[in-house]
Structures are given as C-alpha cells and as structure tokens.
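Here's a friendly walk through a protein model, taken a few helices at a time. Have a look at the picture below, then read on.

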Amino acid sequence: MISLGSLMTWATVPPFDTPTRGTDLWEGTVTLVIGVAVLVGMVAMRLMATATARRAVAVAILALGLSAAAIAAADAVRATARFTSPDQRDRIARELAVDLRLPYEEVRSRLEALYEERFHVSVQPGLFVVMAGGLVAAIGGALSVAWAARAPTPRVEPEPEMVDPGDGVRS
C-alpha cells in the first residue's frame with residue numbers, strides 16, 4: 001500500500017487541475033523506497049536464524065511504517081503550502097511591487113488573497129493510501145516483534161551416519 005500510494009496522485013491544484021503524483025516530490029520517492037524496504041524486510045525477517053535478528057528487522061519495519069505514515073500525514077496537513085510553493089509567492093510579490101510601485105506588504109497580502117481564492121489544493125487518495133499502508137506496516141511490525149520473541153529458532157538436524165549393511169562397520 002505504501003508503494004502503491006507513492007505512485008498515485010497526491011494533490012491537484014485548481015484551476016489547472018494538474019496532478020502531482022507522490023513520486024513528483026522527494027517525499028513520495030522516500031515513501032516508495034520505504035514501501036520496497038518493508039516488503040524486503042518482511043521476507044528477510046522470516047529467513048533470519050535468530051530471534052534477535054528477527055526482532056531487529058521487525059522493529060525496523062515498525063519504524064519504517066510509522067515514518068511513511070508521518071511523511072504522508074505531514075504533506076496532507078500542509079498541502080496548501082506544499083503544493084502551491086509559497087517561496088514563489090514571495091518572489092512574484094517582490095517583482096509586482098517594483099512594477100506597480102506599491103509596498104511589498106500590500107502586494108503580498110493581495111497575492112495571498114488571490115491564491116486563497118483561486119488555488120485551493122485538493123488532496124487526493126494517494127496520500128491516504130500511503131498513510132494507511134504505513135499504519136498497516138507499523139501494526140505488522142509490532143505484531144512481528146511479538147512473533148519474533150516466540151518463534152523458535154530453526155534447527156538443522158545432523159545427517160544420520162551411513163551404515164554399510166554388509167559388514168557391520170560404520171563408514
């Protein structure tokens with residue numbers, strides 16, 4: 001779910017409605033890598049020989065899941081600032097203030113009002129899929145910590161010695 005959500009659309013900004021996919025941002029690339037790491041970690045954990053190693057991988061999965069959920073939640077909470085680039089607003093306001101011969105603060109406040117009126121960020125399902133996937137991975141990691149403590153360490157049985165039935169001597 002984390003990787004799938006990273007590839008989906010995270011936001012659109014009217015009036016253009018240009019989609020911003022998760023992988024268009026550094027946050028989406030990070031959550032994509034986290035999703036792959038969680039999958040690899042789940043397989044690796046099952047193959048680990050010691051309970052300590054399994055527990056360490058389970059804790060890493062828990063932390064990665066929480067990280068992915070936190071990254072997506074942070075982008076959802078600050079969606080307007082994240083997807084409409086406030087730094088560009090400052091640059092535009094400075095240029096307009098010079099061109100219009102008006103105080104910067106006045107131009108900046110008018111520009112902010114215009115952005116609020118015209119550019120409303122619409123958060124899309126991709127962010128929520130990443131959040132849900134991160135929480136599911138975290139729960140899976142927590143359950144795996146408990147499993148790692150209880151799961152028996154795999155034993156390798158020694159091969160039985162070969163006996164030659166003809167002479168009664170072991171080989």
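This is a predicted model: local features need pLDDT of at least 70, side-chain atom pairs count only at pLDDT 80 or more; totals for chains, interfaces and linings use all residues.

Helix H3 covers residues 51-77. Quite a few of its residues are tucked away: Ala-51, Arg-54, Val-57, Ala-58, Ile-61, Gly-65, Ala-68, Ala-69, Ile-71, Ala-72 and Asp-75 are buried. What covers them? The cover over the buried residues of H3 includes H1, E1, H2, helix H4 (79-83) and H7.

Now for H7, which runs over residues 125-150. The same length check works here: 26 residues at 1.5 Å each should span 38 Å, and the end C-alpha atoms of H7 sit 37 Å apart, which agrees. The buried residues of H7 are Gly-126, Leu-127, Val-130, Met-131, Gly-133, Gly-134, Ala-137, Ala-138, Gly-141, Ser-144 and Ala-148. They pack against helix H1 (2-7), strand E1 (9-13), H2, H3 and strand E3 (122-123).

So how do the helices sit against each other? Two packed helices are described by the angle between their axes and the distance between the axes.

| Helix pair | Angle between axes | Axis distance |
|---|---|---|
| H2 and H7 | about 25 degrees | 11 Å |
| H2 and H3 | roughly 160 degrees | within 9 Å |
| H3 and H7 | roughly 160 degrees | within 7 Å |

Take H3 and H7, whose axes cross at roughly 160 degrees. That angle makes H3 roughly antiparallel to H7. Their crossing is left-handed. By type, the residues in the contact of H3 with H7 split into 22 nonpolar, four polar and three charged.

Next come H2 and H3, with axes that cross at roughly 160 degrees. An angle over 145 degrees counts as roughly antiparallel, and H2 and H3 are therefore roughly antiparallel to each other. Here too the crossing is left-handed. On the H2 side, the contact is made by Glu-27, Val-30, Thr-31, Ile-34, Ala-37, Val-38, Gly-41, Met-42 and Met-45. On the H3 side, the residues are Arg-54, Val-57, Ala-58, Ile-61, Leu-64, Ser-67, Ala-68, Ile-71 and Asp-75. Sorted by type, that contact has twelve nonpolar, three polar and three charged residues.

The remaining pair in the table is H2 (residues 26-47) with H7, packed at an angle of about 25 degrees. That makes H2 roughly parallel to H7. H2 passes H7 in a left-handed crossing. From H2, the contact uses Thr-31, Val-38, Met-42, Met-45 and Arg-46, while H7 brings Val-130, Ala-137, Ser-144 and Trp-147. These residues divide into six nonpolar, two polar and one charged.

Finally, let's zoom in on one residue elsewhere in the chain. Leu-111 lies in helix H6, which spans residues 104-118. Is Leu-111 buried or exposed? With a relative accessible area of 9%, Leu-111 falls under the 20% cut-off, so it counts as buried. Which residues does Leu-111 touch, leaving aside its neighbours within four places in sequence? Leu-111 is in contact with Arg-89, Ile-92 and Ala-93. Ala-93 is 18 residues away from Leu-111 along the chain, and their C-alpha atoms are separated by 6.9 Å.

Note on methods. Residues are numbered from 1 along each chain as its sequence is written. Side-chain values use heavy atoms; hydrogens and water are left out. Axes are lines fitted to C-alpha atoms, for helices over the stretch in contact, and angles run from 0 to 180 degrees between N-to-C directions. Helices (H or I, at least four residues) and strands (E, at least two) are DSSP runs, numbered from the N terminus. Angles under 35 degrees count as roughly parallel, over 145 as roughly antiparallel, 65 to 115 as roughly perpendicular and the rest as oblique. A crossing is left-handed if the near helix is turned anticlockwise from the far one by less than a right angle, and right-handed if clockwise. Contact means heavy atoms within 4.5 Å. Ala, Val, Leu, Ile, Met, Phe, Trp, Tyr, Cys and Pro count as nonpolar, Asp, Glu, Lys and Arg as charged, and the others, Gly among them, as polar. The expected span of a helix is 1.5 Å times one less than its number of residues. Buried means under 20% relative accessible area, exposed over 50%, partly exposed in between (1.4 Å probe, protein chains only).
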